[in-house]
Amino acid sequence: MKNNLKKMSLYFTLVLVPALLMTLSYGYYSFKKNNEKSIMQTERDASIYQRQLDQVIGETIKSLEVLAITFESNFTNVSDVKTALNTISGKDPRYGGIYFLDKNGNVITGTNDYLKQYNLKNQSYIKTVYQTHQSVVSDQVETLSNNKKVIAIVTPVIKNNVVQAIIVAHIRTDYIVNIIQMLTPNTFVHVESEQGVPIFSTDDSLMLNPTKHYVSTSLERVPWKITLIPKTTKIKSVVIKTFIFFLIITTIIHVIYLFFHSLSIKRQAEREKIQNDAQKLELVGTLAASTAHEIRNPLTGIKGLVQLLSEKYKDPKDQFYFSVLHKEINRINQMVNEFLILGKPTVQKMEKIDLDQVINDLNPLIYSEANLYNVHYSYQIKSEEITVLATIDQLKQVVLNITKNALEAMPTEGKLLLNLEKKSNHAYVSISDNGTGISPENLKKIFTPFFTSKENGTGLGLVVCKRIIESFDGNLSIKSELNKGTEVLITLPIYKG
């Protein structure tokens, strides 16, 4: 139960928590990005509206100024004036009406009767025209008798630098709103004067809230300000994208987690295998230490009696039996010696050894053994005075045991190479052959006690060799390829005194 809770806690910490944190970060980033995108789009829309409104106002002023120039020479014929006004108004739906006023502000004629018999002299934009002799755009919205809201644009008719008449055009605000809604439907646009007086809005039911973020820009032709509300980020869209991101990132983290979890399990299995092998070896050593001496004592007696009997019975048949007994007794004695080595936790007698001298001492024995197997033996000693701390007899036993294995694994006319060199702080003894090699399956079991591929092997030789080298703080490793050969590498630390 405790182990399951630990696994769940680890899973939650390594998978769910990172996935949730990354998802929340992505959701926040996505929401923020959408808001920024909405604001940028709104700023572009505001720029478009600014150009459109400036264009509408500019075109209207230009038309009125052309009409004013026409009227400078003749504006006494009311019928002709009305015809001209109707001609301009009939071509453009923006006009709510165009009116001709005398210099005192009285409405003489127009395209409709909404301002009939009106006097506009007291209107602020008429007063401004008298003062500036320039076209003026009203900063207030007027409501006509037909409930249409309009904006007045006024142009004076100047003759001899005196205002002789005034042309007033009413621009329908609903026309401007329709243009805006055609460009971007469902967008709230609010236009107000420089003094903050509302001119028109695309939705009169909405009110500006000072706490919200708006995008504003000013017109060039008139001192008006356009204000837009950025479109609200669609929460549903962000939630769907965030959920999809959560599924993807959770899947990716799961894959990574399972990959590393499988590696962890594999490494744990390898550690347990090494630990089990060590326990097996320790058990073998314990059994060997307690029984080896007991075996050796009666074995010595048996060997002596067999020797006496072989001297007494000289018959060839009897001598054959005695030779078999000697051979088997020697084999048992060898196993007992290997048991004794396994039973020793550490090497008892360590001494300073010249490794190159040890190889030179062993070379005659290896040469002799190689000749028996019809194998060519060669060696290279690339460094001199290679000193290590070890037990000379056991070190010789390791080298001879490995070379013997190599000779037995090679066909006739094989090649055996022994190489000794020093690199940095370690000595390297390499023993390689071009024999049958070891299969990958057997290579994994090569240091398992009692595992052997030989018909008469004990399965303890390489285990003992590895145990001896490790007791010298060294390492023994094997590389092999089937039908190509094997290389055994012995690594020992250099003795520095």
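Here are my entries, grouped by topic.

**Entry 1: what kind of model.** I noted before anything else that this is a predicted model.

**Entry 2: the largest nonpolar core.** I asked myself which residues touch the most other members of the largest nonpolar core. Among the 40 residues of this core, I found that they are Leu355, Val398, Leu416, Ile469, Leu476, Ile490 and Leu492. I then looked up which elements give two or more residues to this core, and my list reads α7 (355-372), β12 (387-390), α8 (392-409), β13 (415-423), β14 (426-433), α10 (461-471), β15 (475-481) and β16 (485-493). I also wrote down a second, separate core of 38 residues, with Tyr49, Val81, Ile171 and Phe200 among its members. As general background, I reminded myself that nonpolar side chains tend to be buried together in soluble globular proteins.

**Entry 3: a look around leucine 476.** I picked leucine 476 and left aside its neighbours within four places in sequence. Its contacts are then Val398, Ile402, Phe447, Cys465, Lys466, Ile469, Val488, Leu489 and Ile490.

**Entry 4: α7 against α8.** How do the axes of α7 and α8 cross, and at roughly what angle? I read roughly 35 degrees, with the axes coming within 10 Å, and the crossing is right-handed. On the α7 side, I listed Leu355, Val358, Asp361, Leu362, Leu365, Ile366, Glu369 and Ala370. They meet Ile392, Leu395, Lys396, Val399, Leu400, Thr403 and Leu407 of α8. Sorted by kind, the residues of this contact are 11 nonpolar, 1 polar and 3 charged.

**Entry 5: β14 and its partners.** I checked how many of the 8 residues of β14 are buried, and the count is 6, so I noted the strand as mostly covered. β14 pairs with β13 in the antiparallel sense over 8 bridges, and there asparagine 419 stands opposite serine 430 of β14. The hairpin of β13 and β14 has 2 residues between the strands, and serine 424 takes a positive phi near 55 degrees in this hairpin. β14 also pairs with β16, again antiparallel, over 8 bridges. Here I found valine 429 with isoleucine 490 in β16 as its bridge partner.

**Entry 6: an open sheet of 4 strands.** I traced the order as β7-β6-β9-β8, with antiparallel pairing. Which strands stand at the edges? They are β7 (198-201) and β8 (215-218); each has a single partner strand, so one side of each is left without a neighbour in the sheet. The twist averages 20 degrees from one strand to the next. β8 pairs with β9 (225-228) over 4 bridges in the antiparallel sense, and serine 218 stands opposite lysine 225 in β9. Helix α4 (173-183) lies across β6 (189-192) and β7, at about 50 degrees to β7.

**Entry 7: two asparagines in a loop.** My last stop was the loop between β4 (149-159) and β5 (162-172), where asparagine 160 sits. Asparagine 161 has its place in the loop between β4 and β5 too. Most residues other than glycine have a negative phi. Asparagine 160, though, has a positive phi of about 55 degrees, and phi of asparagine 161 is positive as well, near 60 degrees. Buried or exposed, I wondered about asparagine 160? Asparagine 160 is exposed because its relative accessible area is 70%, over the 50% cut-off. Asparagine 161 counts as exposed too, at 59% relative accessibility.

Technical notes
Residues numbered from 1 in each chain as written. Predicted model: local features only at pLDDT ≥ 70, side-chain atom pairs only at ≥ 80, totals over all residues. Heavy atoms only, no water. Buried < 20%, exposed > 50% of the residue type's maximum accessible area, 1.4 Å probe, protein only. Core = buried A, V, L, I, M, F, W, Y, C linked by side-chain atoms within 4.5 Å. Contact = heavy atoms within 4.5 Å. Axes fitted to C-alpha atoms, helices over the stretch in contact; angles between N-to-C directions. Left-handed = near helix turned anticlockwise from the far one by under 90°. Nonpolar A, V, L, I, M, F, W, Y, C, P; charged D, E, K, R; others polar. Pairing = 2+ DSSP bridges.
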